Amino acid sequence: MIIVKMNNSTVECSIAASELREIGLTPESLINEDSRSGSFMSQLNKEVGEQLGYDPEQEVLLMSKNMMSDGSVRIFAVKMSNEDIDRMAERIRSSARHMLSLVEEGGIEAIKAMSAEEKGEALGNLFMNITEQVNRIYTPEESGEEELPTAVAKSVAEVEHYTVEFRKLEEAIRFAKVTTGYPVVKSALYKQDDRFYLICSVKSDDDNIVYDFRKTGIEYALSLLVNAPTQSHIQETADCIIEEDAIARLAQL
């Protein structure tokens, strides 16, 4: 999931269809607020709230969800204080007054009196002007200070699954000794041909831990794959040497 902070009040989130499938959701279930999406939306609300410094006692957080052509979902979150609501209300009043002026009886009668070609052009301009006024409602005034968008990548799943490959058992033991302090919720050791495979599930709610775990894997292992189909193949075809708590048991060797 890519989170882009557009400014101090707006965040844009993009979630790929593959990420949604990984946690058992579909774009439709997220858009339609299926009961299965509750946990994910709670996680997203927390992350967006932290990005925007959201105060639930004083502010409101509005979200709009859109499904893209590639099956991904884009979510816009806007934080609004009472002052923001006042400014939005004034934009609504201003736009409403302008739209009413555009459709005053005299102006409409003037359009009706035009030739067919002129009438079509005049109506097109009328609709365009009304659309611009509607868009003004959602567009806050420029602050005068340009804010550069910032982007961060977040894991959608609460647990990530790793397949770590080693040439020798000794390498797997060294890796286990280094990673015993990480939040590994499940681990098993497999052997296939002359290779050893450590399959483990790690909590991904801390970016620093995820980064350090992957860095350690790159340093000690022959290869490290995340949420890969290779995991199922290894579990089905390889010999299981240590079925449970493999990292803890290897670390004791």
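Student: Is strand S8 (residues 195-203) largely enclosed or open, and why?
Tutor: Largely enclosed by the rest of the structure, because 7 of its 9 residues are buried. Buried means under 20% relative accessible area, exposed over 50%, partly exposed in between (1.4 Å probe, protein chains only). Strands here are DSSP E runs of at least two residues, and helices are H or I runs of at least four, numbered from the N terminus.

Student: What kind of model is this?
Tutor: A predicted one: local features need pLDDT of at least 70, side-chain atom pairs count only at pLDDT 80 or more, and totals for chains, interfaces and linings use all residues. Residues are numbered from 1 along each chain as its sequence is written, and side-chain values use heavy atoms, without hydrogens and water.

Student: Which strands pair with S8?
Tutor: S6 (residues 159-166) does, antiparallel, over 8 bridges. S7 (residues 184-192) also runs antiparallel to S8, joined by 8 bridges. Pairing requires at least two DSSP bridges between two strands.

Student: Which residues in S8 face Glu160 and Lys191?
Tutor: Glu160 stands opposite Val202. Lys191 has Phe196 as its bridge partner.

Student: How many residues lie between S7 and S8 in the hairpin?
Tutor: 2. Asp193, in the turn, has a positive phi of about 55°.

Student: Switching to cysteines. How many disulfides?
Tutor: 0. A disulfide is a pair of cysteine sulfur atoms within 2.5 Å.

Student: Are they buried or exposed?
Tutor: Cys200 is buried, at 1% relative accessibility. Cys240 is partly exposed, at 39% relative accessible area.
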